Amino acid sequence: MSASVVSIVGRNPVSDQSWQSEDAPDPIELGVIGWGLVILRGLPLALLVTSGLILLLTVRLVERPIYGPRRPITPFISQFVCRNAFRILGVGFRTSGDLMQERGAVVANHSSWLDIFALNARKRVFFVSKAEVAKWPGIGWLARATGTVFIERDRKKAREQTKVFEERLTAGHKLLFFPEGTSTDGLRILPFKTTLFAAFFSDELRNFMYVQPVSVVFHAPKGQPDRFYGWWGDMEFAPHLLKTLGARRQGSVELIYHTPAKVSDFDSRKALAAHCEAVVRHAHTLARLEK
């Protein structure tokens, strides 16, 4: 749930630049049946998310004083909500590969706000967002409540941010980054930005840190454009949500978890970022070809 908040407000968690397609987004046509599905799916989904958030905040009141930065209970609530969101939507959900057991981070390609639900549904993770989100009314409070890690885009605070990462990772949190820096139409993988990988090479983190690449692949509903679930550029959240809720047929999302990479095995952030990008891109391409 945490990252859904971040992604809804800004499809780019760590940069203000959004990927743009040469082709305009596909028109949204719901019709009577589509609007009916919006209601049939939307009301239960809203109830699920709202009740899940209330339960999470209630449990956190007890969890915080006992466990401090550790969150041994509340991530299961987020996972339950996100997994059942796909059941309500009727979107297929499948995964392959083993979840990382080591301490570290997860990096994935970014196609849509649906990525957040998908990645939370399989693995209990905490997303990383730009610091500005923490100050936004309502949304910022919600993101903080659900454990989002906020980062400053100021090199002077790099050491401070590394300390935050260290504390969260030592507490057993799996941090999730979108190294592309923006969402796309889901048909491509953009070059991975190396900036956030730099923190992994600090003296405090490098020797125990692992990074697990994940390929997120959306398969469009039959008869719909391949980029049906993609959310990019200046596309508004509400119309995209309505299109997803009102789809007569739904497609599926596939998560492919790859072998975790040990940070100390790489000479630089650029080498690590290039490795993760290559692994994610290769599996994403194969999965789309095998559709």
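Two residues are in contact when heavy atoms of one lie within 4.5 Å of the other's. In this predicted model, arginine 103 touches Leu169, Thr170, Phe208, Met209 and Tyr210, leaving aside residues up to four places away in sequence. Arginine 103 belongs to the loop that links β1 (92-96) and β2 (104-108). Its relative accessible area is 36%, so the residue counts as partly exposed. Lysine 174 stands 71 residues from arginine 103 in sequence, yet the two C-alpha atoms are 6.9 Å apart in space.

With strand β7 (residues 252-257), β6 runs antiparallel and is joined by six bridges, and phenylalanine 218 has valine 253 of β7 as its partner. Strand β8 (residues 261-262) also pairs with β6, in the antiparallel sense over two bridges, and here tyrosine 210 stands opposite lysine 262.

Helix α4 (residues 114-122) is likewise largely enclosed by the rest of the structure, because eight of its nine residues are buried. Among these buried residues are Leu114, Asp115, Phe117 and Asn120.

Leu61, Val62, Ile66, Tyr67 and Ile73 make a nonpolar surface patch of about 500 Å². Tyrosine 67 lies in helix α2 (residues 31-67) and is partly exposed, with a relative accessible area of 33%.

Definitions and conventions. Residues are numbered from 1 along each chain as its sequence is written. This is a predicted model: local features need pLDDT of at least 70, side-chain atom pairs count only at pLDDT 80 or more; totals for chains, interfaces and linings use all residues. Side-chain values use heavy atoms; hydrogens and water are left out. Helices (H or I, at least four residues) and strands (E, at least two) are DSSP runs, numbered from the N terminus. Buried means under 20% relative accessible area, exposed over 50%, partly exposed in between (1.4 Å probe, protein chains only). Patches are made of residues with over 30% relative accessible area and no salt bridge: like charges are joined within 9 Å, nonpolar side chains (Val, Leu, Ile, Met, Phe, Trp, Tyr) within 5 Å. Accessible areas come from the Shrake-Rupley method with a 1.4 Å probe; for residues, only the protein chains shown count as cover. A salt bridge is a side-chain nitrogen of Lys or Arg within 4 Å of a carboxyl oxygen of Asp or Glu. Two strands pair if DSSP finds at least two bridges between them.
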